[in-house]
Amino acid sequence: MIKSGELFLLNGKTAGELRPLPTFVNKKVLLVSASWDRAYVVIGEDNACSVWCFQDYEREPIRCPEFDVIEEVIRQIAIGESHLVVLTQEGTVYSRGPGVYGSVGHGGAKGVPDFTPVVGLKDRKVKFVAAGPSYSIAITHEGDVFSWGQSFHGETGQISQVDTVPRFAANVSKFRVVEVSCGTSHILARTEMQQCIAWGENTCGQLGIGCKTKPTHKPHVLDAIPSQILTVSAGWAHSVAVGIDGRAYSWGLNSHGQLGLGDTVTRLAPHLLHSLVETCQVESAHAARAMTIFRAVDCRVLLCGQVPRAQGEPVETEFAPRRPGDKDPRGCVLCPVPLTLSSGSGFGISRSELVSIAVFDRGAVGFARSSTYRVEPNLAPIQGGTQVCVFVTGLPYEKPARKSKGATQGATQRAPLLHESIPVRVRLRSNAPLCDTVVVGRIIAEDTVEFWTPDVTLSPLGTAVEQGLTAAVDLQVSIDDGFTWTRDRSAVQPVTDKTLRLNGSEKSLRSSKNLQGSLRDLKKDLEATTRMGNTPSSTATVLWYCRWPKDGPSHVEPTCAPVKGGSELLLHVDLPTRMPTSFITVKFACTPLQSMEDPELEAASPMRTDGREMFNPSHEELARLPLAGSMDIFVCGWLDPGGRGVRCISPPFYAEHVKYFKHSIALSLDGRKYLGRSLPFDITDLHVEGLEPSLGSLLEPTEVSIKAVGLVSSDIHKVRLDFPAELGWPSRTVPALYDHTLGKMTFMMPELSTEVRDRVEKAATEAVPAAEPADVAEGQAASDEAPPQVPADPTGGLGGLQVFVELSLNGQSYTEDKVAFTFHGHMEPEAVRMIALPEGVVIEPPKEEPKGKTAGKKVVEEVVEPAILPSATLGCEVLGIVESPFAAMRVELVTKAGDEEHKPFKAVDLPARVELVPPLAIPPPPIDPKDKNPPPPVEEPPPPRLGVLVLAPSIRMEDIPEGAMLYMKSFHISINGQFFAPCPEVAPMRLEPLPMAAPPAE
């Protein structure tokens, strides 16, 4: 084991999860050994060792001073029921404990209170030791096996039942054993040929020979395991083995599900754990009294059997699969389930990787070496100078104590914290291109090492990067001044488990009825996703060097975004073709203005408002302050698929304060340093307030002017037309034109003649009556009267259609004001006539002369053509008209002098209003006094109808030719001022001009 790492404990008080042990932080862990009811941890301290013990279910270890007599470095500790056997690095074997059945190997039944070298192995160099309840086994470098102690079931491989000193075990030595695991009364061993042999008690089939037999001291070779053996482990009465192919096998007693086969049936021969084949590749297995723990290649830990539980402590096993009914033993897991590696902070899962584990009857102790699992940022320029954080597990860290309220600065000098004295080094390593550089780092948090990237311009890596490549270097961390390093992930090949997630060519087609198979696949995918999220990948711990852009982005598209955010922006910048994107950041810098032209807006700014609330403020100082506080908003970016630069989504802004800032955009590739050039950018609070005109013809396009607030300079102007949902028509986008001189936004509302024609034709088709049935009953005459025909709507039902007009300045985000534009249908105006005289004008009837004066005289009637006075009300009824504030009437003015033809004068557009037009008054017929019959009743006048009313134009006398008369003709009406419908022709109406103004008095 290496110095950098941490220990984890599983016992009855850890709630079924592995929890870190802070006692051993920054300790050099040399060995972890466990069996029966205790576990030992050996810590290296300078030139000596200290041993700590976890007894029973205790979470805090106790110091074991009895090991201090051993001056050599401890290599292995074998634990018996009441005795201990220790192997040192030099190959010396020590033992201590009661001499029950000669288990200590010193001869006789006398106990040994202190660790004493075993005399029987004095001249032999031992490489491996193991211990059972009251027996011990040792293997020398020559491959000889020696054993001693109790052998009532042939545990020592000897014929004799008790040996108080080491004896050569010939029956076992001939197999060239390299590893031994001792159960209660049976033993498993792995040979040089990677075979599994077993001997001892077999009442529960723990020897795996296919049947129950009497105890035997002669080893049996287990041929039932099809692969070569990687490791073996013996429990109380069950056995497990792992093949070199990563598959696990188990057999023997299964009362608590410790075999991991999904039931509690005892097995007499090795059985493959199929559940592990489908999920992981096993590297080691460890059997205890009633449980088994497996460690996978990806450092996951799985448990089956009885979950460790202290007396009075509840154990929840709802997370594990169970069989129907209540047959499963309480607190037991019948199939291997992953154990959680807790972070120890009360929440979260540790990123540590368990590389070894020792199991005993009360739980397990595992060691996780320090490993890097993330780098932030993971991109740097070759010139160096980037501050990088490497996240590492198992770091020593001491939280600084809080300062007391009464403490003063400099009163006492603070003692250095634990992590401040740790010599941290960071290694940047790459094979192609070559790079191997070590820099100084420092621990800044519980799992974080900080360092500054070095300048690698002159290295082969720098040359490759200058040519446009992106080079990756693996990061390793050392906390012992470079003596040991974390694992180099670039050298580890990932294990591909094809049964975990099949690709397209390997997936089997499942029937939709195979629900069980589909659920199984879903479970595998979920487990794979969880594992990928918790397991550090090789790419996550890599720092990438690339060619850094010199200036920054050249321009941004579009150049503005709404306050609500959500617009996708493209920053054009030249980037390497292959680079990580995890930390690409776009900064929206909001620089406050110092003043504004509008004093009311300036007075309402946040800084000015806060200043007025201050008590006795300095107005001069307030005037120097900006209108608001500076603000930066950060968003994530990603590479443009077309290789043009970086894309991002604009963030939301506070609409009330946008006007007090000047905005710009900056780009960072590593989330720390921003490129030199920032780009101006506009944030707009755009709203459409109205349309002029807001209605138009279905059959003719209409030029519409948009009344909007929040307009900014932009090269993109688009209008979206949203039709009613019941029509099922998609929205249309049309271009708009912005006149910067007039500050006017216009667009052309399209006509809907095609849609009108299609709907009219569809209505006509649906109105065709069905053919009459051929078998009409005799004597029944067909009706000669046809049903009344409903006149077809010439607009296809689209008359009065409203569409919502929305505006965009970037082609993506549109307003949501729902300002409506109305399409009107066909209009049929009637003849124009005078409706009323000018206001205040009354025409008196002509006076009648007395009869005496006219008697005998011939009366000559003078025909006088009536004239329309200026400002007289003209109007006409219009069929199909709708209310509009943009109505107008176009009149052509002509002049006539004497008998000459009419000459054009000019055409005028008169503003009109849509109102109810009174009907034409029909005078009653004259009453004949000689007629004795009563006059017919006067008919009620028709109700007024909707039409247009205008005021007759006012033309000055001096503007028309001398001696000519002014006439009005060719009337046209419009309800939007653009599309005019002709009125029926009427005789030209004479218009009375305004009298000539009197000359000024001299």
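Me: Among contacts in the protein between residues at least 6 apart in sequence, what share joins residues at least 24 apart?
Reply: That share is 63%. Keep in mind that this is a predicted model. For the overall make-up, there are nine helices and 63 strands. Of the 1002 residues, 45% count as buried. The accessible surface comes to about 53800 Å², and carbon and sulfur atoms own 53% of that.

Me: Why does Thr 14 count as buried?
Reply: Its relative accessibility is 1%, and buried means under 20%, so Thr 14 counts as buried. You'll find Thr 14 in the loop between β1 (5-10) and β2 (19-20). Setting aside residues up to four places away in sequence, Thr 14 touches Leu 9, Arg 19 and Arg 59.

Me: What makes the approach of the Thr 14 side chain to the backbone oxygen of Asn 11 a polar contact?
Reply: The distance from a polar atom of that side chain to the Asn 11 oxygen is 3.0 Å. The cut-off is a pair of N or O atoms within 3.5 Å, with one able to donate a hydrogen and the other to accept it. At 3.0 Å, this pair is therefore inside the distance limit. The backbone oxygen of Glu 17 also lies 3.0 Å from a polar atom of the Thr 14 side chain.

Me: Why is Tyr 101 called partly exposed?
Reply: Tyr 101 has a relative accessible area of 37%. Buried is under 20% and exposed is over 50%, so 37% falls in between and Tyr 101 is partly exposed. Tyr 101 sits in the loop between β9 (93-97) and β10 (112-117). Its phi is positive, about 55°, although Tyr 101 is not a glycine.

Me: And Lys 818, why is that residue described as it is: buried or exposed?
Reply: Lys 818 has a relative accessible area of 54%; the cut-off for exposed is over 50%, so Lys 818 is exposed. The residue belongs to the loop between β51 (801-808) and β52 (819-824). Phi of Lys 818 is near 55°, again a positive value in a residue other than glycine.

Me: What makes β13 and β14 paired strands?
Reply: Pairing takes at least two bridges, and four bridges join β13 (residues 145-150) to β14, so the pair qualifies. The two run antiparallel, and Ser 147 stands opposite Arg 167 in β14. Both strands belong to an open sheet of four, in the order β11-β12-β13-β14, with antiparallel pairing. Each of β11 (126-131) and β14 (162-168) pairs on one side only, which makes them the edge strands. Neighbouring strands in this sheet are turned by 10° against each other on average, direction ignored.

Me: Which residues touch the most other members of the largest nonpolar core?
Reply: Val 586, Phe 588 and Leu 667 do, out of 34 residues. Among the elements giving two or more residues to this core are β40 (585-592), β41 (631-639) and β43 (661-668). Leaving aside neighbours within four places in sequence, Phe 588 is in contact with residues including Leu 569, Ile 633, Val 635, Cys 648 and Phe 681. Another core, of 31 residues, lies apart from this one and includes Val 832, Val 878, Leu 910 and Met 989.

Me: Which residues does the cis peptide bond with an omega of about -15° join?
Reply: That bond joins Glu 557 and Pro 558, and Pro 558 lies in the loop between β37 (555-557) and β38 (560-562). A cis peptide bond also joins Glu 692 and Pro 693, with omega about -10°.

Definitions and conventions. Residues are numbered from 1 along each chain as its sequence is written. This is a predicted model: local features need pLDDT of at least 70, side-chain atom pairs count only at pLDDT 80 or more; totals for chains, interfaces and linings use all residues. Side-chain values use heavy atoms; hydrogens and water are left out. Axes are lines fitted to C-alpha atoms, for helices over the stretch in contact, and angles run from 0 to 180 degrees between N-to-C directions. A nonpolar core is a set of buried Ala, Val, Leu, Ile, Met, Phe, Trp, Tyr and Cys residues joined through side-chain atoms within 4.5 Å. Buried means under 20% relative accessible area, exposed over 50%, partly exposed in between (1.4 Å probe, protein chains only). Contact means heavy atoms within 4.5 Å. Accessible areas come from the Shrake-Rupley method with a 1.4 Å probe; for residues, only the protein chains shown count as cover.
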